[in-house]
Amino acid sequence: MTLSSSSVFPLGTQDVFAMAEDLGYDGVEVMVTHNAWSQDPVKLNRLSEKHGMPIHSIHAPTLLFTQQVWGSAWNKLAKSADLAREVGAEVVVAHPPFRWQGNYASGFAEGIREIMDATGVLICVENMYPWRAGGREAKMYLPHWDPVPEDYDYVIWDFSHAAIAQENSLDAIRSLGERLRHVHLTDGTANGKDEHMLPGDGDQPVAECIEYLGATGWDGAVCVEVGTRKTKYAGEREEMLIYSLEFARHHLAAGAARSASGRDPEDQDTVERSPLP
C-alpha cells in the first residue's frame, strides 16, 4: 500500500514521506512536478531513508499542468525511468499521448518498450477518459483514452478516471489480467469531473475490484490517490488517508480469505458494500 504525493497537495513532495510514515503506509509514489524535490534523486533518496518509506513508483510529468517539466514527451518518459532506477522504484506511471503529439503518439507503444528494455523499469499506461464540450466528445488522446485494447505491456487503473468514462472497472481489471501492474485507489461519479473521491464514496465497484485482486493473488501495488486539498479542519486529510489505507487492506484481505476458503475469485455476490467492519 503506497501513498501518492498528489494525495497531500497542496503540500509538497517532502510532506508525503512523513505523512506516509505517520499513517502506516508501506511506501510512496512521487509525482514529478515543478517542485525541485520531486525531480532530484539525491533529495528523494534522502527523504526515503529518513522516513523509512521506499519509493515504489514515479508518476511522469505527462499531465497538462506539467507540460513545461523536462521538455519533450520522450524526454519526460526517459528521465522518469532514469529517476525511478536511481531511487529504486519499480514503476513509471504515464498518461497516453495527447492528440497533438503526433510522432510521439504514433510510436508510443514501441517507444516505451525501448525505454523499459534500456532501464529495467516498467512503464504503465494509465486509463484516462473522454473530454466533452457542448455535449460532444473532444478527441484529446491518441490512439485512445482507454488503454485496455491497446498494445501496451503494462497498465495502471484509476477509478476516478473510469467513473468519468463510465467504464465498468471490474470488467476492465478482469480483462487486463497480468497486464495490470498498478492501481490508483480512489473513486468518482459520471459527472465529468475528475473528483478523486474516497473509495466507496462514488459509483465505481471499488470494493469488488480490490477484493477480486486480493482473491486472485495479484502482486501489483495499490496506491492511494485521493483529493484532499479541500479539507476543512485540522486532521481531516489524515483521516481521509487512514480511511483509504484501511479500505484497501480490508478488501485485499477479504479477497485473499475468500480464495483461501476455496471460493471462486469471480464470485462477487458477497462482497461487503460498506468498506469497513
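Rings of Phe, Tyr and Trp (for Trp, the six-membered ring) were taken to pair if their centres lie within 6.5 Å, with planes under 30 degrees apart counted as stacked, over 60 as edge-to-face and the rest as tilted. By this rule, the count comes to 7 aromatic pairs. The structure is a predicted model, in which local features need pLDDT of at least 70 and side-chain atom pairs count only at pLDDT 80 or more, whereas totals for chains, interfaces and linings use all residues. Residues are numbered from 1 along each chain as its sequence is written, and side-chain values use heavy atoms, with hydrogens and water left out.

One of the pairs joins Phe108 and Tyr152 in an edge-to-face arrangement, with 5.7 Å from centre to centre and 85° between the planes. This pair links distant parts of the chain, as Phe108 belongs to helix α5 (residues 108–119) and Tyr152 to the loop between β7 (136–138) and β8 (155–158), 44 residues apart; helices (H or I, at least four residues) and strands (E, at least two) are DSSP runs, numbered from the N terminus. Both Phe108 and Tyr152 are buried, that is, under 20% relative accessible area, against over 50% for exposed and in between for partly exposed (1.4 Å probe, protein chains only). Ring pairs also link Phe108 and Tyr152 with Trp74 and Tyr104 into a cluster.

Charged side chains were examined as well. A charge sits over a ring if NZ of Lys or CZ of Arg is within 6 Å of the ring centre and within 35 degrees of the ring normal. The charged end of Lys43 lies over the ring of Trp37, 5.1 Å from its centre, and that of Arg174 over the ring of Tyr212, 5.7 Å from its centre.
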